[in-house]
Amino acid sequence: FIAEVTKIPVVSEEKFKQAVTLLEEIAVLLADEGLSKLAEKESKSALSLSEERLLAITDNVNGVVYQMQLFPDRPPFFSYISKGSMSLFEIDPAAVIADPKVLVRQYHPDDVSALKRMTLESCLSKKTWDLEFRLITPSGKLKWVHAIATPHKDEFGKTFWTGYAMDVTERRASMEQVQQSEQKLSFYFKRNPLAYIEFNPS
């Protein structure tokens with residue numbers, strides 16, 4: 001049979017664990033910011049410091065950090081989305097907050113059902129929203145995105161999902177390459193019982 005040996009970039013699961021830890025801290029910052037505005041007990045300098053801490057965390061993440069409310073029958077409401085949306089979604093954060101449909105319209109048609117199903121399940125059970133899906137950016141690029149968001153309640157009892165989305169297009173391409181190699185292996189194995197090795201250093 002023929003075996004192809006290639007270098008496969010892998011997105012570490014540890015990166016997602018670090019992201020989840022980061023989200024918990026961001027959720028606290030967002031909640032604190034809301035409380036300070038309502039109670040009006042914090043000074044403007046304290047609020048500014050909270051905002052600076054939030055931006056320092058989210059603007060240096062290789063991906064998109066967001067906070068949203070989910071609904072079973074309509075697009076999500078984003079209360080916060082980091083500037084990483086410019087590189088991942090090719091959309092300004094303010095545009096997503098003003099009209100979430102600009103993001104929803106990017107969803108790949110074949111993944112819409114899975115996205116709706118995950119949203120419905122997460123809304124009803126208040127469980128983590130976790131899915132890999134495709135989208136088509138305004139420039140026409142096809143991207144694979146892994147988004148994960150954990151639910152939590154604010155001071156009024158409303159449930160928000162604080163999440164992190166990252167581009168996993170390269171990983172998905174590598175997975176497809178492996179699948180093609182396995183199919184090739186199976187084909188040659190069935191045709192020839194002798195063993196061959198094909199080495200690809202790239």
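The largest nonpolar core has 23 residues, and Val64, Tyr66, Met68, Phe89, Trp129, Phe133 and Ala165 touch the most other members. A nonpolar core here is a set of buried Ala, Val, Leu, Ile, Met, Phe, Trp, Tyr and Cys residues joined through side-chain atoms within 4.5 Å. Buried means under 20% relative accessible area, exposed over 50%, and partly exposed in between (1.4 Å probe, protein chains only). This is a predicted model: local features need pLDDT of at least 70, side-chain atom pairs count only at pLDDT 80 or more, and totals for chains, interfaces and linings use all residues. Residues are numbered from 1 along each chain as its sequence is written, and side-chain values use heavy atoms, with hydrogens and water left out.

- Helices (H or I, at least four residues) and strands (E, at least two) are DSSP runs, numbered from the N terminus.
- Another core lies apart from this one; it has five residues, among them Val65, Tyr164, Met166 and Val168.

**Aromatic pairs**
- Rings of Phe, Tyr and Trp (its six-membered ring) pair if their centres lie within 6.5 Å; planes under 30 degrees apart count as stacked, over 60 as edge-to-face and the rest as tilted.
- The count by this rule is three aromatic pairs.
- Tyrosine 66 and phenylalanine 78 pair edge-to-face, 6.0 Å centre to centre with 70° between the planes.
- Tyrosine 66 is in strand 2 and phenylalanine 78 in strand 3, so their pair ties together parts 12 residues apart in sequence.
- Both tyrosine 66 and phenylalanine 78 are buried.
- Tyrosine 107 and phenylalanine 133 also pair edge-to-face, at 5.7 Å centre to centre and 80° between the planes.
- Tyrosine 107 sits in the loop between helix 5 (101-104) and helix 6, phenylalanine 133 in strand 4, 26 residues apart.
- Tyrosine 107 is partly exposed at 21% relative accessibility, whereas phenylalanine 133 is buried at 6%.
- Ring pairs join Tyr107, Trp129 and Phe133 in a cluster.

**Charges over rings**
- A charge sits over a ring if NZ of Lys or CZ of Arg is within 6 Å of the ring centre and within 35 degrees of the ring normal.
- Arginine 74 lies over the face of phenylalanine 71, 3.7 Å from the ring centre.
- Arginine 172 has its charged end over the ring of tryptophan 144, 3.7 Å from the centre.

**Serine 122**
- Serine 122 lies in helix 6 and is buried, with a relative accessible area of 0%.
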